[in-house]
Amino acid sequence: MRGTTLNRTMTGLAMMALIGMPAGASAQGYPTKQITMISPFAAGGPSDTLARLTADHFGRTLGQSIIIENVGGAGGTVGTERAARAAPDGYTIFQHHTALPASAALYANLRYDSRTAFETVGLINTGPMVLTSRKNLDVKDAKALFAWLQERGDKATVAHAGIGSNSYLCALLLMQSAGIKPALVPYRGTGPAMIDIVSGQVDVLCDQATTATSQVEAGTIKAYAVTSSERLPAIKDVPSAKEAGLVGFDMVIWNGLYAPKGTPKPIIDALHGALQKFLDDPKIVEQFAKTGTVPFGKDMRSPDAHQKLLTSEFDRFATMIKAAGVKVQEAK
Ligand code: MLT
């Protein structure tokens, strides 16, 4: 009799556990096969660079390889849609940045709900942008760059990674601060945009420190300011926004890791654990520092803290973009 009751209770508990799980998903022994990490921009840019660093480390921690799928286009929204529609089984994960909340305010009809499409796994790192130009542009500082842009009007070209991307938001900031209307040149990511700045095909690009610092150090591009209140030790000769005389030009971006909504909690926990190991690795912290970024502190690392920041960013961007009177786009 006792045995029968116990068996029934066990069956009930097993049923309850199964109800919360999507069909075909199992956290047992996770991961048992290769994982795909979607990066919503072209290869060679800051998102891709961070994704590769994360994937390599996660692969060692989780004992399975992680491949990067670069799904660029429309400021990261094409890749975000792909990730939102993926099976919530832990075998597709997604790394994205500030453009996730920003694009929610910039596009009218996205085919996913940015606020509810993902489980937050944890925040990764944060860092500023760097205002740069082609090397042979004959201006010496930010003030002279602004004057040159004002004089050139729409003959000047400013590259960006699509509406909603960080480089696009930084281009908007530049246009407002300098009172200019240059020709905006969209790319599938700042990886290919950077190639065109280095070869002199476009004039200006505001890119994340993650990839801008190595080009600035190598002298292949010119840098006028970092979009933060302090200089970056990695490129200490480049003035802060304030030092360069740029008012209201602060822009610090952050990266986070996600899984499709409904991914079972034990899988989120396993991914979160791998993320903590990654962020605690002194070699990773050193690598971040070399590229002008810092990992989030321990108090900000839980999935809940990530969700809290994300929610506040949806509200911040919605208010900011409305106040700036920026035209809302139709999603492609
Ligand atoms: C990229 O990797 O291309 C960037 O993250 C795009 C951007 O937000 O500017």
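Modeller: Let's start with the distance: the C-alpha centres of domain 1 and domain 2 lie 25 Å apart. Domain 1 is made of residues 24-127 + 253-323, and domain 2 runs over 128-235; these bounds come from an automatic or database domain assignment. What you're looking at is a predicted model, in which local features need pLDDT of at least 70 and side-chain atom pairs 80 or more, while totals for chains, interfaces and linings use all residues. Numbering starts from 1 along each chain as its sequence is written, and side-chain values use heavy atoms, leaving out hydrogens and water.

Searching the whole structure turns up two cavities of 30 Å³ or more. (On a 1 Å grid over the protein atoms alone, a cavity is a set of points where a 1.4 Å probe fits but cannot get out; a pocket is an open set with protein on both sides within 12 Å along at least five of seven lines; lining residues have an atom within 4 Å of a point. Points join across faces, edges and corners, and volume is the space filled by probe spheres set on them.)

The largest cavity has a volume of about 90 Å³. Its lining counts 16 residues, and F41, P46, S47, T190 and Q208 are the ones nearest the centre. Both domains take part here, with at least three lining residues drawn from each of domain 1 and domain 2. (Helices, H or I of at least four residues, and strands, E of at least two, are DSSP runs numbered from the N terminus.) The largest share, three residues, belongs to α2.

The second largest cavity holds about 40 Å³. Around this cavity sit N125, T126, G127, P128, Q208, A209, T210, I253, N255 and T293. Q208, then, turns up in this lining and also among the residues nearest the centre of the largest cavity. Again each domain gives at least three residues to the lining. At least two come from each of β4 (118-134), α8 (209-218) and β9 (252-260), and β4 has the largest share with four.

On to the open spaces. The largest pocket contains about 330 Å³. It is lined by 17 residues, with L169, L173, M251, F317 and M320 closest to its centre. Two or more of the lining residues come from each of α6, β9 and α11 (303-324).

One more opening to look at is the second largest pocket, with about 200 Å³. Its lining consists of E119, T120, K261, T263, P264, K265, I268, D269, H272, P303, D304 and Q307. β4, α9 (265-280) and α11 each give two or more of these, and α9 provides the largest share, four residues.
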